[in-house]
Amino acid sequence: MKIKGEFSRVHDFNDLVVTYYNGAPVRIRDIGKAEDGMQEKRTVVRFNGVSAVGLGIQKQSGTNTVEVVNRVKKELENIKKTLPPGMEIGIAFDQSTFINRSINEVQHHLIFGGFLAVLAVFIFLQNVRTTLISAVALPVSVIATFALLRAFGFTFNNMTMLALSLSIGILIDDAIIVIENIHRHIEDGMAPAEAASFATSEIGLAVMATTFAIVAIFLPVAFMKGIIGRFFLQFALTVVFAVLVSLIVSFTLTPMMASIFLKVHEKSAESTPASPSRFAPVFKIRDWWERGYKRTETLYRGLLDVSLRHRGLVIFLAFVSVVVSIFVVMVMGKEFVPPEDQSRFIVRLEAPVDYSVDQADEMFSKAENIVKETPEVVSALYIQGYGRTVQINKGILLISLQKKSERKKSQEQIKRELRRKFLEIPGLKGTAEDISLVGGGVRNVPIQYSIRGLDLSSLQSYTRQIVAEFSKLPGIVDVDTSLEAGKPELKVFIDRDKAADLGVSVASIAEAVNLLISGEVDVTKYKDEQRGRRYDVRVRLNAADRTNPDDLGNIYVRAKDGRLVQLANLVRIQEGGGPSVINRVDRQRAINIFASLEGKPMGQAISELNAISAKVLPLDYIPKYKGMAETMGESFQYLMFALILGIVMAYMILAAQFESFLHPVTVLLSMPLSFIGAFGALLLTGKTLSIFSFIGLILLMGLVKKNAILLVDYTNTLRERGMPKKEAILQAGPVRLRPILMTTFAMVFGMLPVALALGEGAETRSPMGIAVIGGLLTSLFLTLVVVPVAYDLFDDLREIMKGEKKIRFLRWKKEIK
């Protein structure tokens, strides 16, 4: 059995009996009307100036963005076929566009970097066969790394592809060292098969030490805490996979191919061309290059000899370079991530808090027209009244630009121009901010500063003082706060004595005001049987009876004895303003300060804001950074810890490899010697110290040890063969000069495409390449001199310590006797 008491049509509500008067029924149509209307307009959406309905699609956590977007686009094509004439579906905001463009650029960098690395090898070896044997390590290592990435469930994303792109010069290093040693022994008359075996075993310790040192540096990065750990997990493990595979290739495939394809005295045979008239210029260039290299080798031996005779001066100059690098770090700009030109950004609009929907829309449409008139803008989605608590005086514009390669102005320049034009609209507060892929907080701006305190009025006063001073600084733009005071409101003060005398409860007054003025939707629902939907039924006074504040006094409430009492006799109405939002942090009142930056690093802005706050805020008002600023401090701590842990692990590995506690210290000296080049290159190119350049420094710490390991290892080998220490140092340096130059310039050439900042997403990739290239070049020249000197000095100190121990032992023995 079903009892049907619902109205089947909307106008049936007019016949609803609400009460009886003198025995006659009183229906709704007698005192008002029921109509099928629209919900009060609270939001406005336009796409490229045309009214629209916005729909946002959020992917689930752990799913691939590009894959989800492609599936959505495929489904949209099917939906378009079913749309009625005049209705269209367009994509206003696509996160996969920038990701695809950025990954394509990284793939190009990977290919070009590999080609340049092979070119560097050929320039030094001047031999096609040895170059090709070394080059085989690149595709083999990369393809094998792909297999490992798939096994671990990693995807082709910006971080994994960037790791391979930066590692492309490293992957060929081990093969270069092995093939150069094999080639040298073959030139000395050894058979190819014998040379492949002997040379690989001779150099094997050094190659293993260099590779495991890189692994030791990057493993702590893979297991860092926080968002930085999740961000660089796949990056670090990709580097580890790639270098381990390249190690295996250099110990197996490279010597095998060398034993087959290299010939005895191959260089002499090739130096006699079959067609002198055609190849004579080529061989002249090769001979000229070889003579130049021999002269360089001779000069280096002479420089090394002078350095060993002036060890104190060399160590002092090395120390000065480290001190200068520390000074450079102090003056460098620091930020979480560099501003990235993604060809898209957000404009936030805010009208006075007392504006209606139509008034705010009229003001925002002026800003919308400014955006549409900008030549570089492709599309603009305008949304007024967004968020969980719909605020009709706020709106946003999601703006998409032309591709970076198709426009002359950068994204930062376009944002700067829009900010200036928004200032020409009276009463409008317009800000422009990037879409941050990393960070957090309330908004996507670099500076998010929360101030906590007990007293709201004092908190407002302190916040206004800080904002007033902070906004005057150059490079600080779009300064805003979460304080939204001044929202119009009516305060109804109830005279409780009069209400009690007349038998009217406070609850009755509140219920009557809320129901008749604001409207109530919880009374009942209307069910549309044809459409199968339920609609809210809002009960409220006619619009003409709720226009002015005085209309509140005309409302009647029923007393306990049934009498009707006019509210004007019970209440006092006062117009005022108040905050629309009250934020609390740790159970204290809090106000957030937001700001964007123009040409100013985040670290500098934070220092300036700290200085202002220290002068304004008393001790019981506590500030705290949110979003990117908070994450930057946390991330730098994790990165520094990972770097220190990586150095400790590298020392342990080197100590085990060399069976010495002192030689690893000599090798690790090459790390601070690279700082001057890395920081200097960043400073000269106008880059900042960010998490990306920091990762470049960590990569550099793993790479610069290669040169020192080659020098120390071969010096030890020569000394084990009976050569005096100084002679071993003077011979090891020139012999290892060629592989050191080859590996260094192979890495430099391989990272050049990344460092040149070309294509989409280059702003974050470029600091990595610049830091590594700068550090490699300075470390190359400093390591070739400082490491042999330090080796000689430390060995003398060890001998002195051994001599003192021996003297002490003899004295103790004598005393016993």
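Guide: Gladly! Let's begin with D15 and R29, whose side chains meet in a salt bridge at 2.0 Å, N to O. Please keep in mind that this is a predicted model.

Visitor: What makes D15 and R29 a salt bridge?

Guide: The cut-off is a side-chain nitrogen of Lys or Arg within 4 Å of a carboxyl oxygen of Asp or Glu. D15 and R29 have N and O 2.0 Å apart, so the pair meets the rule.

Visitor: Why can one say that D15 and R29 tie parts of the chain together?

Guide: D15 lies in the segment before β1 (17-21) and R29 in helix α1 (residues 28-31), so the bridge joins parts that are 14 residues apart in sequence.

Visitor: What about R9 and D12?

Guide: Their closest N and O atoms are 3.3 Å apart, and they form a salt bridge. R9, at 45% relative accessibility, is partly exposed. D12 comes to 12%, which is under 20%, so D12 counts as buried.

Visitor: Which salt bridge links distant parts of the chain?

Guide: R419 and D478 do, with closest N and O atoms 2.7 Å apart. R419 is in helix α15 (residues 411-422) and D478 in strand β10 (residues 476-481), 59 residues apart. Both residues are buried.

Visitor: How many salt bridges are there in the whole structure?

Guide: The search finds 34. There is also a network of salt bridges that links R311, R719, K725, D792, D795 and D796.

Visitor: How many aromatic pairs does the rule give?

Guide: The count is 13. Elsewhere, F218, F232, F235 and F692 make up one aromatic cluster.

Visitor: How do you know that R736 sits over the ring of Y714?

Guide: The distance part of the rule asks for CZ of Arg within 6 Å of the ring centre. The charged end of R736 is 4.2 Å from the centre of the Y714 ring. R572 likewise lies over the face of F493, at 4.4 Å from the ring centre.

Visitor: What makes N48 and S343 worth a look?

Guide: Most residues other than glycine have a negative phi. N48, not a glycine, has a positive phi of about 55°, and S343, also not a glycine, has one of about 65°. N48 is in the loop between β3 (44-47) and β4 (50-51), and at 36% relative accessible area it is partly exposed. S343 lies in the loop between α13 (311-331) and β5 (344-350) and, at 4%, is buried.

Visitor: Where is the pLDDT below 50?

Guide: The chain has a mean pLDDT of 83, with 93% of its residues at 70 or more. Residues 266-275 are below 50, and that stretch has 13 contacts in the model beyond near neighbours in sequence.

Methods:
Residues numbered from 1 in each chain as written. Predicted model: local features only at pLDDT ≥ 70, side-chain atom pairs only at ≥ 80, totals over all residues. Heavy atoms only, no water. Phe/Tyr/Trp six-rings, centres within 6.5 Å; stacked < 30°, edge-to-face > 60°. Lys NZ or Arg CZ within 6 Å of the ring centre and 35° of its normal. pLDDT = per-residue confidence, 0-100. Contact = heavy atoms within 4.5 Å. Helix = DSSP H or I, 4+ residues; strand = E, 2+ residues; numbered from the N terminus. Buried < 20%, exposed > 50% of the residue type's maximum accessible area, 1.4 Å probe, protein only.
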